[in-house]
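Open the model in your viewer and keep the sequence panel beside it. This tour goes stop by stop.

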Amino acid sequence: MGAERARLVLALNAGSSSLKFGLYEIGSDISAPARGGIKRTAGGAVLEASADGETFDHLLAPGALEDDALLERLLVWLAETFGRGEPTAIGHRIVHGGMQFAGPVLLTPDAIRAADALTALAPLHQPAALSLIRAIARIRPQLPQVGCFDTAFHHGLAPPVSRYALPRAYEDKGIRRYGFHGLSYEYLAGELSGAGKKRVVVAHLGSGASLCAMRNGKSQDTTMGFSALDGLVMSTRPGQIDAGVLLYLLRQEKLSPDELEHLLYHESGLKGVSGISGDVRELLASDAPAAAEALDLFVFRIARETAAMANTLEGLDTLVFSGGIGEHSGPIRARVAERLAWLGVSLDMAANAGNRRRISAPSSRVEVLVIPTNEEIVIARQMAAVLEASHLHP
């Protein structure tokens with residue numbers, strides 16, 4: 001694809017309450033004219049973006065906006081601010097691809113319906129992406145859209161890693177371990193591709209958190225399973241929990257399925273244990289014993305599951321921290337490393353405090369890295385491949 005055929009594309013990464021975006025130009029390589037995010041608040045939709053060292057802080061509109069109006073404002077703002085016109089295609093992060101989607105796809109009506117059918121497996125995230133997809137189809141029906149699935153990176157997981165100990169009939173119906181945060185892990189695997197590392201555990205630590213065991217850049221195991229509720233303690237999600245607890249809550253506490261879903265997705269995790277907040281920064285700043293207890297549980301589970309990932313890999317060469325917490329919270333990284341000292345993890349405390357790329361001590365048997373993730377550029381790369389294969393280039 002030559003430079004004269006460069007095209008502008010927009011990558012959208014929808015969360016439950018926020019929206020990240022990346023404006024990319026695809027030609028002989030991929031450049032990013034702008035990246036940013038939109039937060040919905042009571043006062044309106046606030047856009048923050050950066051481009052060529054310049055930062056933008058812009059109120060898209062006061063008051064609540066439906067997705068159609070929000071995206072219309074975003075497209076107009078991007079065109080007016082950067083003078084490149086509107087994007088010629090839009091890509092979306094979609095959390096759950098089930099077994100149907102092993103890679104990115106052009107979002108035809110059939111593909112959208114198939115992704116919608118998986119909403120029950122990711123009720124916190126799937127609706128947000130699908131709402132944006134349908135909004136773009138209404139306001140810019142001529143634009144091709146591409147779906148990029150978080151589960152696709154883990155599509156090759158096979159038994160015993162992928163299997164639950166349930167009757168096989170349920171596995172045949174799709175009840176298995178899928179894994180998530182795949183776009184982040186794909187980016188980080190690319191960042192590590194030239195390092196010659198064989199056994200790597202990546203910790204994507206944010207409001208949602210998971211670990212991935214990689215061998216030569218391929219997923220071998222991960223902490224999230226059938227849904228994004230599994231594995232590590234998260235901001236408002238409990239992570240791994242005895243299924244008997246859920247039966248107890250349904251039978252003895254008389255929670256309805258909807259109440260139980262709300263409890264697990266919105267009221268548990270760090271927020272539930274601390275009773276204060278699901279934000280690690282607030283808990284680190286708090287003197288409350290419950291805040292410390294919540295963080296102790298968070299760190300304990302990260303370390304325990306890192307050891308489990310190392311077991312899958314039969315050793316550990318590199319530990320990578322990423323995601324909002326992994327990239328910025330030196331205290332959390334230090335506490336995790338302390339618990340993993342028996343595995344040969346030792347930090348250079350000055351490097352850790354400075355959020356440097358390599359934070360392991362010279363004596364550490366395990367290399368420890370901090371690498372910022374970039375899911376939006378993975379969406380752009382996957383879009384480029386799908387558009388080229390579909391002959392939708394200019």
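**Before you start**

This is a predicted model, in which local features need pLDDT of at least 70 and side-chain atom pairs count only at pLDDT 80 or more, while totals for chains, interfaces and linings use all residues. Residues are numbered from 1 along each chain as its sequence is written, and side-chain values use heavy atoms, with hydrogens and water left out.

Helices (H or I, at least four residues) and strands (E, at least two) are DSSP runs, numbered from the N terminus. Two strands pair if DSSP finds at least two bridges between them.

**Stop 1: the eight-stranded sheet**

Colour the strands β1 to β8. They make an open sheet of eight strands in the order β5-β4-β3-β2-β1-β6-β8-β7, with mixed pairing. Strands β5 (54–62) and β7 (105–106) are the edges; each has a single partner strand, so one side of each has no neighbour in the sheet.

Now select residues 7–14 and 18–26. These are β1 and β2, paired antiparallel over eight bridges. Show L12: opposite it, in β2, stands F21.

**Stop 2**

Select residues 126–139. This is helix α3, lying across β1, β2, β6 (89–94) and β8 (145–149). Its direction makes about 165° with β6. Axes here are lines fitted to C-alpha atoms, for helices over the stretch in contact, and angles run from 0 to 180 degrees between N-to-C directions.

The axes of α1 and α3 come within 9 Å and cross at roughly 70°. That makes α1 roughly perpendicular to α3; angles under 35 degrees count as roughly parallel, over 145 as roughly antiparallel, 65 to 115 as roughly perpendicular and the rest as oblique. The crossing of α1 and α3 is right-handed. A crossing is right-handed if the near helix is turned clockwise from the far one by less than a right angle, and left-handed if anticlockwise.

Show side chains at the interface. From α1, D67, D68, L71, E72 and L75 meet S131, L132, A135, I136, R138 and I139 of α3. Contact means heavy atoms within 4.5 Å.

**Stop 3**

Move on to β9 and β10. They pair antiparallel over seven bridges, and a hairpin of three residues joins them. Within this pair, V202 has C212 in β10 as its bridge partner. Six of the seven residues of β10 are buried, where buried means under 20% relative accessible area, exposed over 50% and partly exposed in between (1.4 Å probe, protein chains only).

Extend to β11, residues 218–222. Four bridges join β11 to β10, again antiparallel. M214 is bridged to S219 in β11. Two residues separate β10 from β11 in this hairpin, and N216 in the turn has a positive phi of about 50°.

Centre on V201, in β9. Buried or exposed? V201 is buried, at a relative accessible area of 0%. Beyond four places in sequence, the contacts of V201 include L211, C212, T306, M309 and A310.

**Stop 4: the largest core**

Which residues of the largest nonpolar core touch the most other members? Of its 44 residues, they are L205, F298, F321 and I332. A nonpolar core is a set of buried Ala, Val, Leu, Ile, Met, Phe, Trp, Tyr and Cys residues joined through side-chain atoms within 4.5 Å. Elements giving two or more residues to this core include β9 (199–205), β10 (209–215), α10 (289–313) and β13 (367–370). The largest share, 10 residues, comes from α10.

Zoom to F321. Its bridge partner in β13 is V370, and β12 and β13 pair in the parallel sense over four bridges. In β13, E367 and L369 point one way, V368 and V370 the other, and all are buried.

**Stop 5**

Finish with α6 (243–251) and α7 (257–266), packed at about 135° with axes 10 Å apart. That makes α6 oblique to α7. L246, L249 and L250 in α6 meet P257, L260, L263 and L264 in α7.

Last, pick S268, in the loop between α7 and α8 (269–274). S268 is buried, at 12% relative accessible area. Leaving aside neighbours within four places in sequence, S268 contacts S235, T236, R237, P238 and L263.
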